[in-house]
Every structure is written in C-alpha cells, then in structure tokens.
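Me: I would like to learn how to read cavities, cores and helices in a model. Please take them in turn.

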Amino acid sequence: MATETYITTPDGVRLRYWQAGPLNAPNLVFLTGWVQTAAQFKKQVEHFKKNYRVTTYDHRGHGDSDKPSFGYRVYRLAADLESLLTQLDLRDATLIGHSMGAAILWAHWDIFPHTRTAKLVFVDQARTLTHNPAWTDEEKAEAGSVFSPDGVYDIANALRGPRWKDTWTTMARQFYTPEVDGAEFEWALQNSLKAAPESAAALMQDLAVTDWADVFPRITVPVLVVGARGSVAPVAGMEWIAKQVQKGRVVVFEKEEGGSHFMFFENPDKFNRILEEFLAE
C-alpha cells in the first residue's frame, strides 16, 4: 500500500511525504541531504518496500514541500522530523540520514526523546564541515571538514549571486563519480533545483558551521556509518564517528564501486545489501 500526502508542522509548513510497504512492517525513514528530494531514494524504496514500511519526505524548502521564507536551520529541520514521526506515529524506526540528513538526526537526538528510534544510519556526513584554522591536517581529516571559515560564506554568497546556477551545478558534479549515468545525474540535478537559492544558501551556512562532536557519545542505539573514498567527505571523518558512538561500525565504498557522496544512488545493490545486513543484526 502506497501513500503520498502532507503533514503540517506547528509553524504551519506542509511537508510532503510518501509511504510504501506493508502497514505493519518495521519502519524505515529516509532523510535526504541538502537540496535533495525524497525521490533520490527511489532505488531504496523499491527494494525495501517488500518487507518494510518505508517513509520518505521532502524537507521544508525542498521538493514538493512548502517553501516558507523562514526555518532554514538544522535544528528546525530536526523539529520537522519530530513532527513527522509523531503525526504518523512511527515507532521502532530505523532512521537513515544522508549528508545533511545525518546532521538532522544528530540534532534530533540532541533535543528530542529517543523512544521512537531503534537504529540510526549516517551516510557520508562529517561531524562538521568547517575546520578550525588552528587544527592540524589530522584533526581536519578526523573532523571531516572541507571548508575554511571564509569558504562557507564564499559558497553561500555565490548561491545568492547572479551565477548561482553555475555554482549549484559545479557542486552537484563533485558529489558523483565521473561514471555516473548522465541522464540520472540530470534528473537529480533538476529535482534539486526545486529548492530556492536563498534558502539553500541559508541552510548551507547553518549546516556547515556546527560541530556535532558532543552528540555521538550519547547515542545509545546501534549505528551504521557509511563513507566513500570518492566522496568530498574524508573517510577518516566517518571512521571517527563510528568510534565515538557506543554501538557503531563503518562501511566504506571504494571509488571503483560507485563510491561517491551518492553511493546509495550509484551502487544501490551494495548499499541496500549492507543496510539489509544492519537491519538484521
């Protein structure tokens, strides 16, 4: 049974969500990254809907959800996730967050009850995207940081500028391997462009500067961390996160096996298999 409709958050924003799979099956909730839409997980939905109740949704300002002029902060998106979980009464759920979606899970764990969460999956997101200028190269790698403090505002300002689409497209290409199917890349790019440049810039500014290091030791449920050697996010950062949580392990995709930031999209067979194994543990 498939469902597609909306929930409404306490601040009046409608979030579009989709559900597929048996009503009484275990719950999986997929959270997309920055400017991505729920459709990015189409290869996971198709696979897991046979045995799981799969929920995907578009964040505020993304895809088919409302696009207000406010609320583009990770903690606000974590509150939106809480609205989704409670309004749909999703229990014992495994929450899978890709990129910014993982940061939303960290924010959610930080400030909301954990009673609905059974397991967590963090896919290719660093604990912080911005490095402290005083850090050594090793500290930068463990943090997973890719921006200097000035670099964050350079990107945000470029997204607000007249050539924002060039910046957007250049960033998108860095997230995939050179071997990605051209039609699939263009499909994903066009979906991402449903987000407005101003809200994307505001969200990037907020996402990039927060360091979530103190959250990980407090996570008590089993955790799977997924990284990729062809990603812009250093693998060392994924390995560091897996060591900080109480029940964590890490799986790394090699470059030659679709190991990009979007490894779940370029190599869904491996991604779905390792997720199946984690769910069965």
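Reply: Start with residue classes: Ala, Val, Leu, Ile, Met, Phe, Trp, Tyr, Cys and Pro count as nonpolar, Asp, Glu, Lys and Arg as charged, and the others, Gly among them, as polar. By these classes, the lining of the largest cavity has ten nonpolar, two polar and no charged residues. This is a predicted model, where local features need pLDDT of at least 70 and side-chain atom pairs count only at pLDDT 80 or more, while totals for chains, interfaces and linings use all residues. Residues are numbered from 1 along each chain as its sequence is written, and side-chain values use heavy atoms, with hydrogens and water left out.

Me: How many cavities of 30 Å³ or more does a search of the whole structure find?

Reply: On a 1 Å grid over the protein atoms alone, a cavity is a set of points where a 1.4 Å probe fits but cannot get out, a pocket is an open set with protein on both sides within 12 Å along at least five of seven lines, and lining residues have an atom within 4 Å of a point. Grid points are joined across faces, edges and corners, and a volume is the space filled by probe spheres set on the points. Here the search finds one such cavity, and the largest cavity holds about 90 Å³. Its lining includes Trp34, Gln36, Ser192 and Phe262.

Me: Is glutamine 36 buried or exposed?

Reply: Buried means under 20% relative accessible area, exposed over 50%, partly exposed in between (1.4 Å probe, protein chains only). Glutamine 36 has 8%, so it is buried. Contact means heavy atoms within 4.5 Å; leaving out residues up to four places away in sequence, glutamine 36 touches His62, Ser192 and Phe262.

Me: Which residues have the most contacts inside the largest nonpolar core?

Reply: In soluble globular proteins, nonpolar side chains tend to be buried together. A nonpolar core is a set of buried Ala, Val, Leu, Ile, Met, Phe, Trp, Tyr and Cys residues joined through side-chain atoms within 4.5 Å. The largest one has 91 residues, and Phe122 and Ile219 have the most contacts inside it.

Me: How many residues of helix 2 are buried?

Reply: Helices (H or I, at least four residues) and strands (E, at least two) are DSSP runs, numbered from the N terminus. In helix 2, eleven of the 14 residues are buried, among them Val74, Arg76 and Asp80. After helix 2 comes aspartate 89, with a positive phi near 50°.
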